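Try each task before you read its solution.

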Amino acid sequence: MWRTGANEATTIEFNTDVTINGQALAAGKYGLFSIPREEGEWTVIFNTEWNQWGAYEYDDTKDALRVDVSPEMQEQSTERLKFSVEGEEVIFNWDKVSWAFSVAAA
């Protein structure tokens with residue numbers, strides 16, 4: 001389990017219902033967590049308990065949605081954790097790893 005950031009849990013908020021990689025997620029604010037793996041897909045977690053420090057009190061019973069993403073290795077390193085939005089994708093870059101998930105109106 002990784003808090004997908006540093007210190008306080010990283011949050012993501014949607015003001016309308018959306019789909020993430022085609023799966024429904026209700027409007028609201030979520031803590032963003034992930035499960036990285038050395039090989040294969042990573043799991044990105046949208047947890048309803050967004051106001052927490054790190055992942056120390058993470059409770060999987062409060063997960064609203066889990067989606068798998070395919071990490072890609074990049075040639076160039078991104079020193080600071082970076083999230084960007086390009087079209088309907090939220091893209092994560094850190095060190096030499098990149099992954100993305102799609103966001104669409106429900």
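**Exercise 1.** Is Glu49 buried, partly exposed or exposed?

Solution. This is a predicted model, so the answer is computed from predicted atoms. Start with the cut-offs: buried means under 20% relative accessible area, and exposed means over 50%. Glu49 has a relative accessible area of 30%. That value lies between the cut-offs, so Glu49 is partly exposed.

**Exercise 2.** Find the salt bridge of Glu49 and state which parts of the chain the pair ties together.

Solution. Step one: find the partner. The side chain of Glu49 meets that of Lys62, with N to O at 3.6 Å. Step two: check the cut-off. A salt bridge needs the nitrogen within 4 Å of the carboxyl oxygen, so this pair qualifies. Glu49 and Lys62 lie in the loop between strand E5 (42–47) and strand E6 (63–69), so the pair ties together parts that are 13 residues apart in sequence. Step four: check the exposure of Lys62. Its relative accessible area is 34%, so Lys62 is partly exposed.

**Exercise 3.** How many salt bridges does the structure hold, and which residue pairs with Arg66?

Solution. The structure holds two salt bridges. One of them is the pair of Lys62 and Glu49. Arg66 forms a salt bridge with Asp63. Here the closest N and O atoms are 2.8 Å apart. Arg66 has 36% relative accessibility and counts as partly exposed.

**Exercise 4.** Which residues form a nonpolar patch on the surface?

Solution. Look for Leu81, Phe83 and Trp94. Together they have about 250 Å² of accessible area. Now take Phe83 by itself. Phe83 is found in strand E7, residues 72–86. At 31% relative accessibility, it counts as partly exposed.

**Exercise 5.** Describe the surroundings of strand E4 (residues 28–35) and its pairing with E1 and E5.

Solution. Begin with burial. Six of the eight residues of E4 are buried, so the strand is largely enclosed by the rest of the structure. Next, take strand E1 (residues 11–14). E1 and E4 run antiparallel and are joined by four bridges. Ile12 stands opposite Tyr30 in E4. Then turn to E5. E4 and E5 also pair in the antiparallel sense, over five bridges. Leu32 stands opposite Phe46 in E5. Last, follow the chain from E4 to E5. The two strands form a hairpin with six residues between them. Gly40 sits in the turn and has a positive phi of about 85 degrees.

Key:
Residues numbered from 1 in each chain as written. Predicted model: local features only at pLDDT ≥ 70, side-chain atom pairs only at ≥ 80, totals over all residues. Heavy atoms only, no water. Buried < 20%, exposed > 50% of the residue type's maximum accessible area, 1.4 Å probe, protein only. Patch = residues over 30% accessible without salt bridge, like charges linked within 9 Å, V, L, I, M, F, W, Y side chains within 5 Å. Areas by Shrake-Rupley, 256 points an atom, 1.4 Å probe, with all protein chains shown as cover. Pairing = 2+ DSSP bridges.
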